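The sequence and structure are shown below.

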Amino acid sequence: MYIQNVSKTYRQKEVVQEVNLKLSEHKLTAFIGPNGAGKSTLLSMMSRLLEKDCGDIYISGNEITTFKSKELAKKLAILKQSNQIDLVLTVRELVSFGRFPYSQGRLTEEDHRLIEEALHYLGLDNLADRQINELSGGQLQRVYIAMILAQDTDYILLDEPLNNLDMSYAAQLMKVLRRLVDEKGKTVVIVLHDINFASSYADEIVAMKAGQVVYHDITEQVIQKPVLDELYEMNIQVCELAGKRFCLYFNE
Amino acid sequence: MKKGILLIGLMIAAVSSLFIGVHSIPITDLFHLNVQQEFILWQTRIPRTVSLMIAGATASVSGLIMQHLTQNKFVSPTTVGTMDSARLGILVTMLYFPTASILTRSVVAFIFALTGTLLFMWLLQKMSLKNPIMVPLLGIMFGNVIGSFVTFIAYKKQLIQNISTWLEGNFATVTKGDYELIYLSVPLLIVAYLYAYPLTVSGLGEDLAINLGLNYRLVQLIGMTIVALASSVTLVTVGTLPFLGIIIPNIISVYYGDQMKETLAITAVAGSLFLILCDIIARVVIFPYEVSVSLIVSILGSLIFIYLLWKGVNK
Ligand SMILES: Nc1ncnc2c1ncn2[C@@H]1O[C@H](COP(=O)(O)OP(=O)(O)O)[C@@H](O)[C@H]1O
Ligand SMILES: [Mg+2]
């Protein structure tokens, strides 16, 4: 996935400034950076939810604006930061929407198989027939991700999906995403709030600040005290434990 | 509540509706009706019952579609200005084409209805209201602005008598020869059924819908066109039926969920049933006279609506 000279301006404020990026295929890439850095805006442009002012974005060699809506929906899926559905649907019904690009609502055997697989992957077997408005925030978040999974795309973009999850489910979800990359060869791009999750699970990290990409490298190169201190403008301790780097970022 | 029971209920209510009225036509006489009874049956009773069934189904399905398009459960063509805009269209035909046929009137009403609905949707997008209760309130205000304008012009041009007949649904005047346009709603309901799944996807919200490869704008436009056409046709043939479009889909949603493919048919059946029952009440409550069905729909509808709102707020 290539991003070339992509910019976005809101009322004279350039929130994404001429970003150039080459995201590695079949890798888990985490986007980090302070609030308002432009991460969500960039992801929205990558998935065509938001029109870019200028620049090009290529997936599998083609510029994203050349794709038909349905074709793009089979290649790339995005889950935004907040989703509000005020509909009475069961978990299975919502996950089934993930098959819409393929079957337009007339589900085939194959669709049903992928829906059940997605439910199982996210540990939702027991909740499948529950109404989504009866679920906790974290459970609902897993349902959305199951829907994205049922969409069976090569590229999966997730904007802060861990927000509503407790630690155990957050870690579980990251493991699921790792498996998607390692076993199914998917390309996962995820915005993470907590740099420790990025440090533990990501292959590569993109650090954004004030609309620009300030670092893009393999995880070990980005999780370094000087890099993080500058990025977040605070004093961050980086320590190593069991071969992984961890960050302590409580302001003293 | 089984779907079959509603369907059987509808059939019983429809048949009863045929045999209630000032002129007694006992159901036991069905196979040896005299000339006058036969005339009444074909001339007024059947047209009335059929138009009630279609209008009830159309109003509730239109409400269901609007709710998915706006992602708000308290919205219907009577609360977002669709109906008021259609009425403005009718006023315009009265002023400028007083001899226009019922078909021409419907077409003009449709153009106004669609424009009004698009305007409301545009307002909604501009304002990005956070509180779901604000959406129907905005719609009602928007509708009232157009409605007051219509009343004002009608008053100035001394058309107030004519325009007020369009204000409330009236099935007493439905007779063979002047209601058949309402049959146009039937193919519209079928088109709505064909688009039920995409319409539900659009109800997930713009971002999720686009992510799923839906042509969001197009589906919204198709939905609004169906609603505007159906509303105009209902308006010119029988008038406005308040609340129906909100309460029926909400009640059905409690029992059968919001997957429109599953609920559209039963919403239509329930709408027909509710309207026929209201009409039967309207016909017997001060027998041998009758009150307007709109009155009964409004009384029952507003009570149920307040109950639903209250439940919605306390969720
Ligand atoms: N629709 C919008 N209108 C105006 N400004 C916006 C809009 N969306 C985002 N912004 C601004 O763009 C900047 C980047 O936002 P965002 O991409 O959400 O950042 P991040 O996801 O990194 O926290 C912020 O300053 C935000 O206020
Ligand atoms: Mg964000």
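## Overall form of chain A

For a chain of 252 residues, a compact globule would have a radius of gyration near 18 Å, and chain A has 18 Å, so the two agree. The model discussed here is predicted. The secondary structure of chain A consists of ten helices and twelve strands.

## Overall form of chain B

Chain B contains 13 helices and zero strands. Along the sequence, its pattern is accordingly written as α-α-α-α-α-α-α-α-α-α-α-α-α. The radius of gyration of chain B is 19 Å, close to the 20 Å that the globule rule gives for 315 residues, and chain B is therefore as compact as a globular protein of that length. Taken along the principal axes, the C-alpha atoms of chain B fill a box of roughly 65 × 50 × 35 Å.

The shell around ligand 1 is drawn from chain A and comprises Tyr10(A), Arg11(A), Lys13(A), Val15(A), Asn35(A), Gly36(A), Ala37(A), Gly38(A), Lys39(A), Ser40(A) and Thr41(A). By class, three of these residues are nonpolar, five are polar and three are charged. Two elements of chain A, β2 (13-22) and α1 (39-46), each supply at least two residues of the shell. The largest share, three residues, comes from α1(A).

Several contacts involve oxygen atoms of ligand 1. A polar side-chain atom of Lys13(A) lies 2.8 Å from one such oxygen atom. The backbone also takes part: an N or O atom of the Gly36(A) backbone is 2.7 Å from an oxygen atom of the ligand, and a polar backbone atom of Lys39(A) is 2.9 Å from an oxygen atom of the ligand. Taken alone, ligand 1 exposes 560 Å², of which the protein buries 64%.

## Salt bridges

Side chains of opposite charge can pair when their charged atoms come close. Over all chains, the count comes to 25 salt bridges. One of them joins Arg92(A) and Asp129(A), whose closest N and O atoms are 2.7 Å apart. Arg92(A) lies in helix α3 (residues 91-96) of chain A, whereas Asp129(A) lies in the loop between α5 (109-121) and α6 (137-150), so the pair ties together parts that are 37 residues apart in sequence.

## A nonpolar patch on chain B

Where on chain B is a nonpolar surface patch of about 600 Å² found? The patch is made by Tyr183(B), Val186(B), Ile190(B), Val191(B), Tyr193(B), Leu194(B) and Tyr195(B). Of these residues, Ile190(B) is found in helix α7 (residues 185-194) of chain B.

## Backbone features

Most residues other than glycine have a negative phi, and most peptide bonds are trans. Ser60(A), a residue other than glycine, has a positive phi near 45°. Ser60(A) lies in the loop between β4 (54-59) and β5 (62-63) of chain A.

In chain B, a cis peptide bond joins Phe287(B) and Pro288(B), with omega about 5°. Pro288(B) is located in the loop between α12 (260-284) and α13 (293-313) of chain B.

Conventions:
Residues are numbered from 1 along each chain as its sequence is written. Chains are lettered from A and ligands numbered from 1 in the order in which they are written. This is a predicted model: local features need pLDDT of at least 70, side-chain atom pairs count only at pLDDT 80 or more; totals for chains, interfaces and linings use all residues. Side-chain values use heavy atoms; hydrogens and water are left out. A residue is near a molecule or strand if one of its heavy atoms lies within 4 Å of it. A polar contact is a pair of N or O atoms within 3.5 Å; within protein, one must be able to donate a hydrogen and the other to accept it, and residues adjacent in sequence count only if both atoms are side-chain atoms. Accessible areas come from the Shrake-Rupley method with a 1.4 Å probe; for residues, only the protein chains shown count as cover. Helices (H or I, at least four residues) and strands (E, at least two) are DSSP runs, numbered from the N terminus. Ala, Val, Leu, Ile, Met, Phe, Trp, Tyr, Cys and Pro count as nonpolar, Asp, Glu, Lys and Arg as charged, and the others, Gly among them, as polar. Patches are made of residues with over 30% relative accessible area and no salt bridge: like charges are joined within 9 Å, nonpolar side chains (Val, Leu, Ile, Met, Phe, Trp, Tyr) within 5 Å. A salt bridge is a side-chain nitrogen of Lys or Arg within 4 Å of a carboxyl oxygen of Asp or Glu. The radius of gyration is taken over C-alpha atoms; the globule rule is 2.2 Å times the number of residues to the power 0.38.
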